[in-house]
Amino acid sequence: VQLQASGGGLVQAGDSLRLSCVVSGGTFGSFAMGWFRQAPGKEREFVSVVSASGRATMHVADVKGRFTISRDNAKSTVLLQMNSLKPEDTGVYYCAAATQYTATRGRYDHWGQGTLVTVSS
């Protein structure tokens, strides 16, 4: 299973970005798909997850109301729409696939390479 994330960049506080992750080599519709981020010098942390069906989503508290996760099973793609970005959202964002709907990093079996998001103040 291969995951390819894209869409990162340098933006100003208050701007929006949309991250994409395309999955190949596996049965996309069987995976819960998550996004994690890692700020410089910090642990990789959970951001959002969408269930395999797309009917359930979960977000970390500080992105609720600003970030939306969605998936297109026909295109084997998961999206993370990030609005009202803040400097503290800066980090490398990773998409990941798991066989269960979870926020636990260790339960994700497959990871993408990461895409850098930098939010300036």
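**Reading a disulfide and its strands**

Guide: Welcome! K42 sits in the loop that links β4 (32-38) and β5 (44-50). Keep in mind that this is a predicted model.

Visitor: Is K42 buried or exposed?

Guide: The relative accessible area of K42 is 58%, and exposed means over 50%, so K42 counts as exposed.

Visitor: Let's turn to the disulfide. Which residues form a disulfide here?

Guide: In general, a disulfide is a covalent bond joining the sulfur atoms of two cysteines. In this model the count is one disulfide. C21 and C95 form the pair, with 2.1 Å between their sulfur atoms. C21 belongs to strand β3 (residues 17-24) and C95 to strand β9 (residues 91-98), so the bond ties together parts 74 residues apart in sequence.

Visitor: Why is the disulfide called right-handed?

Guide: Look at the torsion about the S-S bond of C21 and C95: it is about 60°, so the disulfide is right-handed.

Visitor: Are C21 and C95 buried or exposed?

Guide: C21 has 0% relative accessibility and counts as buried. C95 also has 0% and counts as buried.

Visitor: Which strands pair with β3?

Guide: As a general idea, side chains in a regular strand alternate between the two faces of the sheet. Here, strand β1 (residues 2-6) runs antiparallel to β3, joined by five bridges, and Q2 has S24 of β3 as its bridge partner. Strand β8 (residues 77-82) also pairs with β3 in the antiparallel sense, over six bridges. There, V78 of β8 stands opposite C21.

Note on methods
Residues are numbered from 1 along each chain as its sequence is written. This is a predicted model: local features need pLDDT of at least 70, side-chain atom pairs count only at pLDDT 80 or more; totals for chains, interfaces and linings use all residues. Side-chain values use heavy atoms; hydrogens and water are left out. A disulfide is a pair of cysteine sulfur atoms within 2.5 Å. Helices (H or I, at least four residues) and strands (E, at least two) are DSSP runs, numbered from the N terminus. Buried means under 20% relative accessible area, exposed over 50%, partly exposed in between (1.4 Å probe, protein chains only). Two strands pair if DSSP finds at least two bridges between them.
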